[in-house]
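User: I would like to learn how to read a structure one feature at a time. Can we work through one together?

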Amino acid sequence: MTPTCVNIKKNVGHNHNGGAPVKFYEINGKRNLCGDRIREARQKRRLSQSDLCKLLQLRGIMVERDVISRMESGSRIVTDFEAVAIAEVLEVPVLWLLGKE
């Protein structure tokens, strides 16, 4: 397997709760690894972003449609508990979402 070159950039964002700044990384201009796979699995199941949002809310993950859009575009970090819930709703393995399968 040929190694892939990636551009990793460390950023410091702000904390919406007034706490310490949050550190995050961008890899090739994206803040998550799973956005493209989320979109692919959602479309395969013929769900809209709003549909996915509603299904996640039923599981206690309070997100709006624009959050799904930002996850898919890579402009928002996807937390571990969000990734697990998304994988369950879309009926795909978490490792697949992360591009490891």
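Predicted model: local features only at pLDDT ≥ 70, side-chain atom pairs only at ≥ 80, totals over all residues.

User: Where does I38 lie, and which residues is I38 in contact with beyond its sequence neighbours?

Analyst: I38 lies in helix α1. Helices (H or I, at least four residues) and strands (E, at least two) are DSSP runs, numbered from the N terminus. Contact means heavy atoms within 4.5 Å. Leaving aside neighbours within four places in sequence, I38 touches L52, E72, V78, I86, L90 and L97.

User: How does the whole chain read, in helices and strands?

Analyst: The protein chain has 5 helices and 2 strands. Along the sequence, the pattern runs β-β-α-α-α-α-α. Of the 101 residues, 33% are buried. Among contacts with a separation of 6 or more, 42% join residues 24 or more positions apart.

User: How do I read a nonpolar core?

Analyst: In soluble globular proteins, nonpolar side chains tend to be buried together. A nonpolar core is a set of buried Ala, Val, Leu, Ile, Met, Phe, Trp, Tyr and Cys residues joined through side-chain atoms within 4.5 Å. Here the largest has 22 residues, and I38, L56, I86, L90 and L97 have the most contacts inside it. Helices α1, α2, α3, α4 and α5 each give two or more residues to this core. The most come from α4, with 6 residues.

User: Which residues of α4 are buried?

Analyst: In α4 (residues 80–90), the buried ones are E82, A83, A85, I86, A87, V89 and L90. They pack against α1, α2 (49–58), α3 (65–73) and α5 (94–97). Take I86: apart from neighbours within four places in sequence, I86 contacts I38, L56, M71, V78 and L97.

User: Now backbone angles. Which residue just after α4 takes a positive phi?

Analyst: E91 does, at about 60°. N28 also has a positive phi, about 55°, although it is not a glycine. N28 sits in the loop between β2 (22–27) and α1. N28 counts as partly exposed because its relative accessible area is 48%. R46 is another non-glycine residue with a positive phi, near 60°. R46 is in the loop between α1 and α2, and R46 is exposed, at 77% relative accessibility.

User: How many disulfides are there?

Analyst: A disulfide is a covalent bond between the sulfur atoms of two cysteines. The rule asks for a pair of cysteine sulfur atoms within 2.5 Å. The count here is 0. C34 is buried, at 3% relative accessible area. C53 is buried too, at 6%.

User: Last, pockets. What lines the second largest pocket?

Analyst: Rolling a probe the size of a water molecule over the atoms shows where empty space is left. On a 1 Å grid over the protein atoms alone, a pocket is an open set of points where a 1.4 Å probe fits, with protein on both sides within 12 Å along at least five of seven lines; lining residues have an atom within 4 Å of a point. The lining is I27, N28, K30, N32, L33, C34, G35, D36, R37, L98, G99 and K100. Helix α1 (residues 35–44) supplies the largest share, 3 residues.

Methods:
Residues numbered from 1 in each chain as written. Heavy atoms only, no water. Buried < 20%, exposed > 50% of the residue type's maximum accessible area, 1.4 Å probe, protein only.
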